[in-house]
Amino acid sequence: MSSATLASKTFDADDQAAFARLSGDVNPLHMDPLAARRTQAGTTVVHGIHAVLWALDRLVESGAAGAGIASLKVQFAKFIPVGGTVALKLVRRDDRSIRAELALGALTTTILNVGLGQRRKGEAGETRDGPAVGLGDRPAVLARPEEAAGLSGSLDTAGPARSVASRFPHAVASMGPERVAAVVLLSSLVGMVCPGLHSIFAAFAVDFTDAPGSGLGFGVTGIDDRFRMVRMAVRGAGVEGSVQAFMRWPPVAQASMSEVSKLVAPDEFAATTTLIVGGSRGLGALTAKVIAAGGGKVIATYARGREEAQQLAGEIRGHAPKGTCDIIPYDARRSPAAQLDALATGVSHLYYFASAPIARQKEGVFVPDLFDEFVQVYVKGFHDCCRFLGERGSLTAFYPSSVFVGNPPQGMLEYAMAKIAGELLCDGLNRAGGRVRVTVERLPRLLTDQTATVPPVDAGDPLEVMLPVIRRVQSTTFDQG
Amino acid sequence: MSDQEILDVLTRALRDLLMDDSIVLGMETRREDVPNWDSLVYINFIVAVEMQLGIKFKVADVESFSNVGEIVAGIKAMLR
C-alpha cells in the first residue's frame with residue numbers, strides 16, 4: 001500500500017517521563033532500562049498510547065481528521081524503542097475513515113483506523129460498578145490470567161484531563177480533554193492495573209460518545225489462559241469500547257543454590273577455575289551456581305547487569321562457605337586483553353554465554369547489520385576470548401549453540417547464521433590442535449528471559465539440560481579432547 | 001464448511017485486525033507474506049476465528065501451522 005509521511009518524531013527519555021507523569025503509567029517496561037532488558041522488548045519502549053495520541057494530534061493538525069473523530073481502532077504490532085524515530089504515514093483517507101500507520105524505518109509498529117464523523121450518543125455511566133482505582137508508584141502484579149478474571153473498577157480522568165492540552169493540543173481541541181484523558185488512561189489501565197507489571201498492550205477499539213463523566217470504568221470480559229490474553233470493556237468520560245492485552249512472563253528465575261546443591265557433589269568441580277562470560281543471569285548464572293556448588297572457583301562476567309551479578313555472587317557465597325564467585329564487567333565486543341588481564345588465577349574452563357537480544361523486530365528476510373552484530377558477539381567475541389585465555393594456559397571451553405541453527409524460527413535467520421559460523425569456528429579451533437579445546441552443544445529451547453515470550457512456546461528446564469553438559473565439560477581434561 | 005468458506009472467514013478476520021481490505025488469503029499464504037501479520041496479531045487472529053466458529057485450538061496446533069492451508073485443515077478437522 002502506498003502512503004504519504006505526514007510527520008515524524010523521536011521519542012526520548014524526556015518524552016517518556018512527561019507521558020508517565022500525565023498518565024501515571026510508570027511501568028518499568030517504559031521507564032527502567034535494566035528491568036526492561038529482562039522483558040520480551042529487551043529495552044525500554046515508548047508507551048503505545050503516547051505514540052497513538054501524538055499521531056492523532058498530527059492528523060487533526062494536518063486537517064486530515066477535520067470532519068471530527070468518532071472512533072479509534074488501534075493494533076499495536078511492534079514495540080517502539082525509546083530513542084527510536086517513528087514516521088506517521090497516511091495510508092488511506094475517505095469520508096468515513098483514515099487508515100494510518102506508525103513506522104520505524106520499514107517496520108510498521110502501530111496501525112490506526114480513525115473513524116470520522118459525528119460522535120454517537122453513548123450510554124451514560126461507567127462500564128462496571130467497580131471501585132475507584134488509584135494509580136500508585138508501582139504496577140499491580142498479576143502473574144496468571146485467571147487473577148484478572150472479574151476485575152473491574154474506575155480510573156479518574158479529571159487529573160489527566162487538566163494536563164492533556166499542553167501535550168496534545170490539536171486532539172484536545174477536536175475531541176475534548178475528557179476523551180483524550182480517557183485514551184491516556186488506557187495506558188495506565190493496561191500498564192498499571194490489569195495486567196499491570198507484566199503486560200503488553202495489544203489492541204483497543206473505542207467509540208467516542210457524547211455521554212458525560214469523569215471516570216473511565218473498566219471490567220474484564222474474558223481471559224485466555226493458552227495465550228495469556230486479557231480482554232476488557234471500557235466505558236466513561238465519552239469513551240466506550242474494548243481493550244486487549246497480553247500478560248508477559250515474569251523474568252525467569254533460574255534454580256537456586258539450594259536446589260542446585262541437592263544435585264551436585266560438594267567437590268565435584270574442585271580444582272577448576274571457570275570464567276563464565278555472560279554469567280549474571282540466565283544460563284550463565286545457572287552454570288555459575290552449578291560449578292560453585294561443586295566446589296569450583298567461578299568468575300562471572302556481566303555487561304550491564306551489575307546488580308544481578310552481585311546478587312548471584314551473594315547467593316553463591318552465602319549458601320556455601322567455600323563457594324567462590326567473583327564478578328567482573330566484560331564486553332564481548334571489545335578486546336579481552338584489557339578486560340581479563342587482571343585475573344589473578346589461571347582459567348581452566350570458559351563458558352561463553354555472551355548474548356545479544358535474539359528475537360528482534362525486523363523487516364525483510366535478511367538484515368546484514370543484524371548479522372554483523374551477532375557475528376561480533378557469537379563468533380569474534382568467542383574467538384578473541386579463547387585466543388587470549390589460550391595464550392595463558394590450556395583451556396576447555398563450552399560454546400552454546402542452538403537447535404535453531406537447524407530450523408530457524410521466523411525472524412531469526414541472522415542469529416542462526418551467526419551460531420553456525422560459531423560452530424565452524426569451534427571446529428576450526430579443535431582441528432588446529434592448540435591449547436584450546438571446545439565443546440559445542442546445540443541446546444534446546446530453554447526457559448530464559450530471551451525465550452519467555454508471548455505467545456508462549458514450549459521450553460525445557462535449564463538445570464535438567466545444563467547439568468549433564470557441565471559435568472561433561474568440567475570433566476574433560478585437555479588431553480582427552 | 002467448504003475450504004473456500006473457511007478461507008473467507010479467515011480473510012475477514014485478518015482484514016478486520018489489520019484494518020486492510022486489500023488482504024487476500026490463499027491456501028499457500030504464509031504469515032510472512034502478509035505485512036504486519038506478526039506473532040501477537042497472529043494470536044489475535046486465531047482467537048477471533050475461534051470465537052466466530054466456536055472452536056478452540058491447542059497451543060501446539062497454533063504454533064505448528066505453517067500456512068493458511070494448514071489452518072483451514074485444522075478447522076475442518078475440528079468441525080467434523
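These legends accompany close-up views of a predicted model.

**View 1. Chain A as a whole.** Let's start with the overall picture before zooming in. Chain A holds 14 helices and 16 strands. Along the principal axes, its C-alpha atoms fill a box of roughly 80 × 45 × 35 Å. Of the 481 residues in chain A, 50% are buried. If you look at contacts between residues at least 6 apart in sequence, 73% of those in chain A join residues at least 24 apart.

**View 2. Strands β1, β3 and β4 of chain A.** Here β3(A), residues 85–93, has a pairing with β1(A) and another with β4(A). Strand β1 (residues 4–10) of chain A runs antiparallel to β3(A), and six bridges connect the two. To find your place, look for A:Ser8, which stands opposite A:Ala87 in β3(A). The pairing of β3(A) with β4(A), residues 97–104, is also antiparallel and also has six bridges. Three residues lie between β3(A) and β4(A), and the two strands form a hairpin. As a friendly reminder, strands of a sheet pair through backbone hydrogen bonds, in either a parallel or an antiparallel sense.

View 3. An α-helix has 3.6 residues a turn, so residues three or four places apart point the same way.

**View 4. The six-stranded open sheet of chain A.** Follow the strands across the sheet in the order β13-β12-β11-β14-β15-β16 of chain A, with parallel pairing. At the edges stand β13 (324–329) and β16 (436–443) of chain A, each with a single partner strand, so one side of each has no neighbour in the sheet. From one strand to the next, the twist averages 20°.

View 5. Strand β15 (residues 395–402) of chain A runs parallel to β16(A), and eight bridges join them. Within this pairing, A:Tyr399 stands opposite A:Val440 of β16(A). Lying across β15 and β16 of chain A is helix α13 (residues 413–432), which runs at about 150° to β16(A).

**View 6. Where chain A touches chain B.** Chain A contributes 22 residues to the contact and chain B contributes 17. On the chain A side, the elements giving two or more residues are β2 (69–76), β5 (107–116), β7 (199–208) and β10 (239–247). Of these, β5(A) gives the most, with three residues. Sorted by class, the chain A side has 12 nonpolar, five polar and five charged residues.

**View 7. Helix α2 of chain B.** How far apart are the end C-alpha atoms of α2(B), residues 39–53? They are 21 Å apart, which agrees with the 21 Å that its 15 residues should span at 1.5 Å a residue. Buried residues in α2(B) include B:Leu40, B:Tyr42, B:Asn44 and B:Phe45. Just after α2(B) comes B:Gly54, with a positive phi of about 70°.

Note on methods: Residues numbered from 1 in each chain as written. Chains lettered and ligands numbered in written order. Predicted model: local features only at pLDDT ≥ 70, side-chain atom pairs only at ≥ 80, totals over all residues. Pairing = 2+ DSSP bridges. Helix = DSSP H or I, 4+ residues; strand = E, 2+ residues; numbered from the N terminus. Contact = placed C-beta atoms within 7 Å. Nonpolar A, V, L, I, M, F, W, Y, C, P; charged D, E, K, R; others polar. Axes fitted to C-alpha atoms, helices over the stretch in contact; angles between N-to-C directions. Buried ≥ 20, exposed ≤ 12 C-beta atoms within 10 Å, placed from the backbone. Expected span 1.5 Å × (residues − 1).
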